Amino acid sequence: AEAGECYAWGENELRLQTLQGGDIRATLQQLTGLDPERLTVMEYERDGLQLYQTVWSMTGEEGVSLGRCMVADDGNYHYCISMVSPETADVGEEFARICASLDLTGEEKGEK
């Protein structure tokens, strides 16, 4: 099930999707198109979720693009945020802000 939403602004594309949990390597490969062995993945925890984040680059007709993705694993599902933008675009902070503002579990903040 490729349920997902896509947003584009300028030359940036943001995709939100929920994938079946379990195999983080399969999820990363699906998001990046790359062998997870070739990715540098940061792993950390937030709000009881296991988070994975990586950056990769792709060369296409338009030049080099950077991809960024974050996967939040709640044990059942992988909630994925990925963003592709031109290498020259300075969107690192913007992506970090999007990741921080999105409550991936769908639970209301503060209702712990």
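Predicted model: local features only at pLDDT ≥ 70, side-chain atom pairs only at ≥ 80, totals over all residues.

I began with glutamate 13, which is partly exposed at a relative accessible area of 37%. I found the side chain of glutamate 13 in a salt bridge with that of arginine 15, at 3.9 Å from N to O. Arginine 15 also counts as partly exposed, at 37% relative accessibility.

I counted three salt bridges in the structure. Another of them joins the side chains of arginine 25 and glutamate 37, at 2.6 Å from N to O. That pair links distant parts of the chain, 12 residues apart: arginine 25 lies in helix α1 (residues 24-32), and glutamate 37 in the loop between α1 and β3 (41-46). I noted arginine 25 as partly exposed at 43% and glutamate 37 as exposed at 57%.

I then looked up aspartate 47 and arginine 46, whose side chains meet in a salt bridge at 3.9 Å, N to O. Aspartate 47 is exposed at 52% relative accessibility, while arginine 46 is partly exposed at 26%.

Next I turned to strand β5 (residues 63-73). Is it mostly covered or mostly open? I found eight of its 11 residues buried.

I checked the partners of β5. Strand β4 (residues 49-60) runs antiparallel to β5, joined by 11 bridges, and serine 57 stands opposite leucine 66 of β5. A hairpin of two residues connects β4 to β5.

On strand β6 (residues 77-86), I found nine bridges to β5, again antiparallel. Alanine 72 faces tyrosine 79 of β6. Three residues lie between the strands in this hairpin, where glycine 75 has a positive phi near 100°.

Conventions
Residues numbered from 1 in each chain as written. Heavy atoms only, no water. Buried < 20%, exposed > 50% of the residue type's maximum accessible area, 1.4 Å probe, protein only. Helix = DSSP H or I, 4+ residues; strand = E, 2+ residues; numbered from the N terminus. Pairing = 2+ DSSP bridges. Salt bridge = Lys/Arg side-chain N within 4 Å of Asp/Glu carboxyl O.
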